[in-house]
Amino acid sequence: MEGIAVTRGPGLIGSLLVGLSTAKAIAFAKNLPLAGVNHLSGHIAAAMLLPLPPELPFVALVVSGGHTNIYLVHDFRNFKTLGQTRDDAAGEAFDKAAKLLEIGYPGGLVIDRLAKKGNPRAVDFPRAMRESLDFSFSGVKTALLNRVKKQGRPYSAAELPDVAAAFQEAIVDVLVEKTLRAALQEKVKGVVVCGGVAANSRLRERFLRDAGEMGLAVFIPPPVLCTDNAAMIAVAGEYLFREGRRDGLDLNAVSRWPLELAL
């Protein structure tokens, strides 16, 4: 069937309203059904575009500039939050680190590139909240800030790769460790890793290695489907349409929309 799927939230209201207004106009003009999609469910649904998609239920890590959450996914209308960040999202921490190191934007991409030439054990950055499935990245960001202040000068081109690699490893460690622990806790067979930060090469490498050692299947969309894209919203919308979801033309955007409430 044909329909119009559109991101309803969460996000910046102004941006959401532009897309929502356009979607409503097309749905009205073409007499097509409309479905408002949760942005985070779209990221998770991107994994269903893989040649061998995951089987439900699975555990999903949504990791981006604005979100770092672990979900148990029963289906695309039934999500349970297992862990979430208490402060900065992982992508936000990468961006702030890049700003502190004066290496450019987007931070995740630049740090990933630099880290390939560095030693991830060169600097001992903290790993917070190891016993919980929740995340906190403010501590590792503050640790970097303190090192930059203590340094008293910008890091040289020769020093930057080690700092970038160690900072990246501290974030990757907790993302991988907590997600795989959640998968074992929930007794699922597969793990989905999605969102903009899922394009990070070290994160992908570690998930494939560590999950493989534990006998868990890992599903990570290609980088082009990790960043925000229309395809992921279309897939999530298709699942909603199949289950009879139809939204009216009075549908409004929402800045906050917990995934558990994305019915």
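User: Before we start, what should I know about the model?
Analyst: The model is predicted, so local features need pLDDT of at least 70 and side-chain atom pairs count only at pLDDT 80 or more, while totals for chains, interfaces and linings use all residues. Residues are numbered from 1 along each chain as its sequence is written, and side-chain values use heavy atoms, with hydrogens and water left out.

User: Ok, how many salt bridges are there in the whole structure?
Analyst: The search finds 18. A salt bridge here is a side-chain nitrogen of Lys or Arg within 4 Å of a carboxyl oxygen of Asp or Glu.

User: Which residue does Glu169 pair with?
Analyst: Glu169 pairs with Arg202, and their closest N and O atoms are 2.8 Å apart. This pair links distant parts of the chain, with Glu169 in helix H6 (residues 160-186) and Arg202 in helix H7 (residues 201-213), 33 residues apart. Helices are DSSP runs (H or I, at least four residues), numbered from the N terminus.

User: Is Glu169 buried or exposed?
Analyst: Glu169 is buried, at 9% relative accessible area, and Arg202 is buried too, at 18%. Buried means under 20% relative accessible area, exposed over 50%, partly exposed in between (1.4 Å probe, protein chains only).

User: Which residues are in the salt-bridge network?
Analyst: Its members include Glu169, Arg202, Arg127 and Asp173.

User: New topic: what does Glu92 bridge to?
Analyst: Glu92 bridges to Lys96, with the closest N and O atoms 2.8 Å apart. They sit four residues apart in helix H3 (residues 90-101), so about one helical turn separates them.

Terms used:
Helices (H or I, at least four residues) and strands (E, at least two) are DSSP runs, numbered from the N terminus.
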